[in-house]
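Subject: Handing over a structure

Hi there,

Here is the structure I promised to pass on to you. Have a look at it first, and then read on for what turned up.

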Amino acid sequence: MDVKAYTHDLLFEIGAEEMPSGPLYDAAQQLEVNAGQALRHARLHYRDLTVYFTPRRLSLLVRGLADQQAEETKTVRGPKTTYAYDVDTKEPTKALTGFLAKNALTAADITIIDDVVTATVTTAAEKTTAVLPALLTGLITSISWKKPQRWGSGDEKFIRPVRWLLAIYGAAVVPLRFGDIIAGNTTRGHRFLSRGPVTIAAMREYKNVLRGNHVIVDAAARRAEIVSATMTAADAYGAALIDDTVLAEVVNLTEFPNALVGAFDEEFLRVPREILQYAMSTHQRYFAIQRPDGKLDNHFVVISNG
């Protein structure tokens, strides 16, 4: 077993009330970009980073996260010598003493290069466990929503009320808080098909444990499942007409998709098919079925969340 990969993996999940489909795609993209930037800014090296999302969760998985920051050494420039020392007394001026204080330096640390005060500054490396709480809390607030909500008596905002936080580095819980929610090592499965909190021991088991609790956390896998199930369900009547826009929305309306076949009175087939298809896709998020002869069928496929 690759022990290093096990102990150096980060799993962070924001659990919330059902989030709207469209904004969820944008939020997942923001989380991926913001997380990468935050880790680089914190000088925390990692192997790879993945974001998953469902209507009830945004999840960040970071593999091979270093156990401490990279040490940073850089050259800083201060005032010119004409401003750094008093002309008459040759004593340091406020400009120089301020520069030294700001960078935690002493006079012995500075070097004059081209009449400019310079110094080499080394930033000490902190343990990853000390950096993560503020970094992960910042990721929650870094996601920009067009219509964020406040709930309870706090000032925290999110697209929907946050109900749980899962944060583990290796097998240890990352101590952080958002509003009145304290992070732990538990998540929640499907709202109706799973019972109670679900413990996650390590990131590597996350997807499988959720799948066992009726949640397909990978949107690409849900999409493939929906397409396959829709085509299979429609096969007895013809071919499913899978609209990409409707498909994209349905992917984010379900955590455990299941295809069902419905029907309407054949008399309605006298209505122009464009109107029927528009009503089914736009208002109901159904997938219409086309008969082998090219005509619209009175059956349709609907994706149930469970």
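How many aromatic pairs does the count come to by this rule? The rule takes rings of Phe, Tyr and Trp (its six-membered ring) as a pair if their centres lie within 6.5 Å, and calls planes under 30 degrees apart stacked, over 60 edge-to-face and the rest tilted. The count comes to 4. One of them is the edge-to-face pair of W145 and F158, with 5.1 Å from centre to centre and 70° between the planes. W145 sits in the loop between helix 5 (128-142) and strand 7 (149-150) and F158 in strand 8 (residues 157-158), so the pair ties together parts that are 13 residues apart in sequence.

Before you go further: this is a predicted model, in which local features need pLDDT of at least 70 and side-chain atom pairs count only at pLDDT 80 or more, while totals for chains, interfaces and linings use all residues. Residues are numbered from 1 along each chain as its sequence is written, and side-chain values use heavy atoms, leaving out hydrogens and water. Helices (H or I, at least four residues) and strands (E, at least two) are DSSP runs numbered from the N terminus, and two strands pair if DSSP finds at least two bridges between them.

An open sheet of 3 strands has the order 4-6-5, with antiparallel pairing. Strand 4 (72-80) and strand 5 are at its edges, each with a single partner strand, so one side of each is left without a neighbour in the sheet. Direction ignored, neighbouring strands here are turned by 35° against each other on average. Helix 4 (residues 94-102) packs on this sheet and touches strand 4, strand 5 and strand 6 (contact means heavy atoms within 4.5 Å). Its direction makes about 170° with that of strand 4 (axes are lines fitted to C-alpha atoms, for helices over the stretch in contact, and angles run from 0 to 180 degrees between N-to-C directions).

Strand 5 (residues 110-113) and strand 6 (residues 116-123) run antiparallel and are joined by 4 bridges. I112 stands opposite V117, and I110 opposite A119. The two strands form a hairpin with 2 residues between them, and D114 in the turn has a positive phi of about 55°.

The other open sheet has 4 strands in the order 15-17-18-16, again with antiparallel pairing. Strand 16 and strand 18 (residues 296-305) pair over 7 bridges, with G262 opposite F300. Helix 7 lies across strand 15, strand 16, strand 17 (287-290) and strand 18, at about 30° to strand 16. Helix 9 (residues 273-283) lies across strand 15, strand 17 and strand 18, at about 10° to strand 18.

Last, the helix packing. The axes of helix 7 (residues 219-234) and helix 8 (residues 244-251) come within 9 Å and cross at roughly 125°. The two helices are therefore oblique to each other (under 35 degrees counts as roughly parallel, over 145 as roughly antiparallel, 65 to 115 as roughly perpendicular and the rest as oblique). A219, R222, R223, I226 and V227 of helix 7 make the contact with D244, L247, V250 and V251 of helix 8.

Helix 2 (residues 21-41) and helix 5 have axes that come within 10 Å and cross at roughly 145°. Here Q30, L31, N34, A35, A38 and L39 of helix 2 meet L135, L139 and S142 of helix 5.

Enjoy exploring!
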